[in-house]
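User: I am new to this structure and would like to go through it by question and answer. Please show it first.

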Amino acid sequence: MLDIVYLVLNLSKIGAFLLCAAVFLAVFSGFAEATTSSLTVKGGEVINSPISLAVDDHVLISFNVIGDPDNTIVFSLLFPNGTAMDFGQVGVLSHRFTSDFEGNLTLRFDNTDSTDNKLVTLNYEVEHYFFGMPQILFLALFVILVCVAMVAGYILLSRPAS
């Protein structure tokens, strides 16, 4: 009978550990930002799309332009420090960089030279870094260290006194 009680107690500890691990994963998975969206840039209009950045964030921006008859749009990035990077007339773009400043990065889609509407399928990913490593990796290592410390504490406290 004592073996069954011991087994049930161990299973409940394992269940509690798995529940804590699932909660940590659910909470920490929100720290990376990846977005896919479609923007319709009407002829003669400019659309600005802001992205919030921190220092040392790794950013990947990619998009495709669909239009009739021209599949291009004027694209530029406006950085938080006030500088701009103009890519000119592009139809397909994939650009990766590391943020040097904190603030809003603005994606600027300019269709003022055309009267036709353009559909832009935009994908961007922002990966936050903490102490030089991806934030999700840092948090996973932190959770692992806390779990190891808890197991070590449990083992040390459960030893019979000699």
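Analyst: In β8, the bridge partner of Leu 60 is Glu 125. The model is predicted, with local features needing pLDDT of at least 70 and side-chain atom pairs counting only at pLDDT 80 or more, while totals for chains, interfaces and linings use all residues. Residues are numbered from 1 along each chain as its sequence is written, and side-chain values use heavy atoms, with hydrogens and water left out.

User: How many bridges join strand β3 to β8?
Analyst: Strands here are DSSP runs of E with at least two residues, helices are runs of H or I with at least four residues, and both are numbered from the N terminus. Two strands count as paired if DSSP finds at least two bridges between them. Strand β3 covers residues 58-67 and runs antiparallel to β8, and the number of bridges joining them is ten.

User: With which residue does Asp 70 form a salt bridge?
Analyst: A salt bridge is a side-chain nitrogen of Lys or Arg within 4 Å of a carboxyl oxygen of Asp or Glu, and by this rule the count comes to one. The closest N and O atoms of the pair are 3.7 Å apart, and the partner of Asp 70 is Lys 118.

User: How far apart in sequence are the parts that this pair ties together?
Analyst: Lys 118 is buried, at a relative accessible area of 1%, whereas Asp 70 is partly exposed at 33%. Asp 70 belongs to the loop between β3 and β4 and Lys 118 to strand β8, so the pair ties together parts separated by 48 residues.

User: Which strands are the edges of the open sheet?
Analyst: The open sheet has four strands in the order β2-β7-β4-β5, with antiparallel pairing. An edge strand pairs on one side only, and the two are β2 (46-53) and β5 (84-90).

User: Is Val 148 buried or exposed?
Analyst: Val 148 lies in helix α2, residues 135-158. In that helix Gln 135, Leu 139, Val 143 and Cys 147 are buried. At 52% relative accessibility, Val 148 counts as exposed.

User: What is the reach of α2 from its first C-alpha to its last?
Analyst: The expected span of a helix is 1.5 Å times one less than its number of residues. For the 24 residues of α2 the expected value is 34 Å, and the reach is close to it, at 34 Å.

Terms used: Buried means under 20% relative accessible area, exposed over 50%, partly exposed in between (1.4 Å probe, protein chains only).
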